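Please open the structure and keep it beside this note. Each point can be checked against the residues it names.

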Amino acid sequence: MTATRIAPPAQGAPYLLTPGPLSTSTATKRAMLRDWGSWDADFRAMTRDMRARLLAMLGQGADEFDCVPMQGSGSFAVEAMLGSFIARDGKALVLANGAYGLRSAETMRYLGRDVVVLDKGDYLPPRGDEVAQILAGDPDITHVVAIHCETSSGILNPIAEISKATYGAGRKLLIDSMSGFGAIALDATETRYEALASSANKCIEGVPGFGFVMARKTALGAAKGNSHSLALDVHAQWAHMNKTGQWRFTPPTHVVAAFLEALRAHEAEGGVKARGARYGRNRDVVVAGMRDLGFETLLKDRWQSPIIITFFCPADPNFVFARFYEAMKGRGFIIYPGKLTVVDSFRIGCIGQMDEHVMRQVVAAAAETLTEMGVTNAAPPLAALKERERLAA
Ligand SMILES: *Cc1c(COP(=O)(O)O)cnc(C)c1O
């Protein structure tokens, strides 16, 4: 048993039950109390170490990949990935079932590149046979873009079958694994893909400030000249970094230092598997506890990721989300509003410096808050349950 010691946030700050920025450890925050010269050998060694540690997380197929950090938030890394690997005359099929899929599609439009979207609504998973069918009917599509864990609902999309359908049709797969990488394994020897993007402030539990693209070296080599953007050119960043050991433009030095500390903690915890297992326990405790209170989850267990959970707001007229939010915050927990279009919902994140003991306190805080609000029944409106029935299909 590796008992991960999770210390409460400093200075009475609330836990962030949000999918990034999230609660980070004191050691990770402390690592920022020093300044580094971006060109200095010490910082170059830190960049090298960070890239090697991230690559090691890919498992068996790591040799064929390289890691390219990119300044900016996660969306900058996704935009860099799309603009660098999809040629200007390429065409993407974006698989959307939530805000992040739609953002990738919008990014393609900004880039002026051809895109078709399979929009599954708020939370239905895009399936392999649907992808195969669209690809068979459209030979111009060069790339499929998939979201690993769609953070707006918490659904874990079936990447393995999407990959099979994509490469079965001779096309290439790019993955937004922002909220999956580091906790949900994506072994490239089992699931083929060209590149994935993630960022510092999700499952590795760093502070926000940069993203990274993990890509096949063959794809990196072929990406020269594709990018629409100087700053977001993954090929140029990769070539420069491999030649000089430096980032092309000012790196977020303190964020990198914090991230390295977070990477060491990730390894000490037991790597991707152990991190995913802790998040899985967090999810299980919250789902079971909230269901005991009468809450219902949007997703059936089959599709529920260990990253974030969407709950329907109770139908009880005494339930007012803004009050629930403030009362939870008063008890030390920042929750997350929902993003569904049809029914009211809220989300509870499972990632960050939290363990099952903290999650039990979250459930207890929710129980107290319901009592305080005079909500006797946390069951959602019938319309919400009907909507969810569509998932059973
Ligand atoms: C967090 C996240 C992003 C990036 O969001 P930023 O706010 O730009 O960091 C992209 N995709 C998914 C699935 C995410 O969870």
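1. Start with the kind of model. This is a predicted model. Every value here is computed from it.

2. Find the two domains. Domain 1 comes in two pieces, 15-20 and 271-391. Domain 2 runs over 27-267. Their C-alpha centres lie 28 Å apart. The contact takes 30 residues from domain 1 and 29 residues from domain 2.

3. Next, how much area do domain 1 and domain 2 bury between them? The figure is about 2,400 Å², with 59% of it on carbon and sulfur atoms. The size of an interface is often given as the accessible area lost when the parts come together. Three residues stand out on the domain 1 side: V272, R275 and W303. They supply 28% of the area that domain 1 buries against domain 2, more than any other three residues.

4. Look at the polar links across this interface. There are 13 residue pairs in polar contact between domain 1 and domain 2, counting pairs with both residues at pLDDT 80 or more. Which elements supply at least two residues each to the side of domain 1 that touches domain 2? They are α10 (271-292), β11 (308-312) and α13 (382-392). Helix α10 gives the most, with 6 residues. By class, this side of domain 1 has 13 nonpolar, 9 polar and 8 charged residues.

5. Now the salt bridges. Side chains of opposite charge can pair when their charged atoms come close. The whole structure has 19 salt bridges. Across the interface of domain 1 and domain 2 there are 2. E205 forms a salt bridge with R278, and the closest N and O atoms are 3.0 Å apart.

6. R216 pairs with E64, the closest N and O atoms being 2.8 Å apart. R216 sits in strand β10 (residues 210-216). E64 is in the loop between α2 (41-56) and β2 (65-71). The two residues are 152 residues apart, so the pair links distant parts of the chain.

7. Turn to the ligand. Which residues are around it? They are S73, G74, S75, Y100, R103, I147, C149, T151, D176, M178, S179 and K202. Check three of them for polar side-chain atoms by the ligand. An N or O atom in the side chain of S73 is 2.5 Å from an oxygen atom of the ligand. For S75, a polar side-chain atom lies 2.6 Å from a ligand oxygen. For T151, the distance from a polar side-chain atom to a ligand oxygen is 2.4 Å.

8. Finish with the backbone. Most residues other than glycine have a negative phi, and most peptide bonds are trans. Where does E205 lie? E205 is in the loop between β9 (195-199) and β10. E205 has a positive phi of about 70°, although it is not a glycine. The peptide bond from G20 to P21 is cis, with omega near -5°. P21 lies in the loop between β1 (15-16) and α1 (26-30).

Terms used:
Residues are numbered from 1 along each chain as its sequence is written. Side-chain values use heavy atoms; hydrogens and water are left out. Domain bounds come from an automatic or database domain assignment. Contact means heavy atoms within 4.5 Å. Buried area is the accessible area (1.4 Å probe) that two parts lose on being put together, summed over both. A salt bridge is a side-chain nitrogen of Lys or Arg within 4 Å of a carboxyl oxygen of Asp or Glu. A polar contact is a pair of N or O atoms within 3.5 Å; within protein, one must be able to donate a hydrogen and the other to accept it, and residues adjacent in sequence count only if both atoms are side-chain atoms. Helices (H or I, at least four residues) and strands (E, at least two) are DSSP runs, numbered from the N terminus. Ala, Val, Leu, Ile, Met, Phe, Trp, Tyr, Cys and Pro count as nonpolar, Asp, Glu, Lys and Arg as charged, and the others, Gly among them, as polar. A residue is near a molecule or strand if one of its heavy atoms lies within 4 Å of it.
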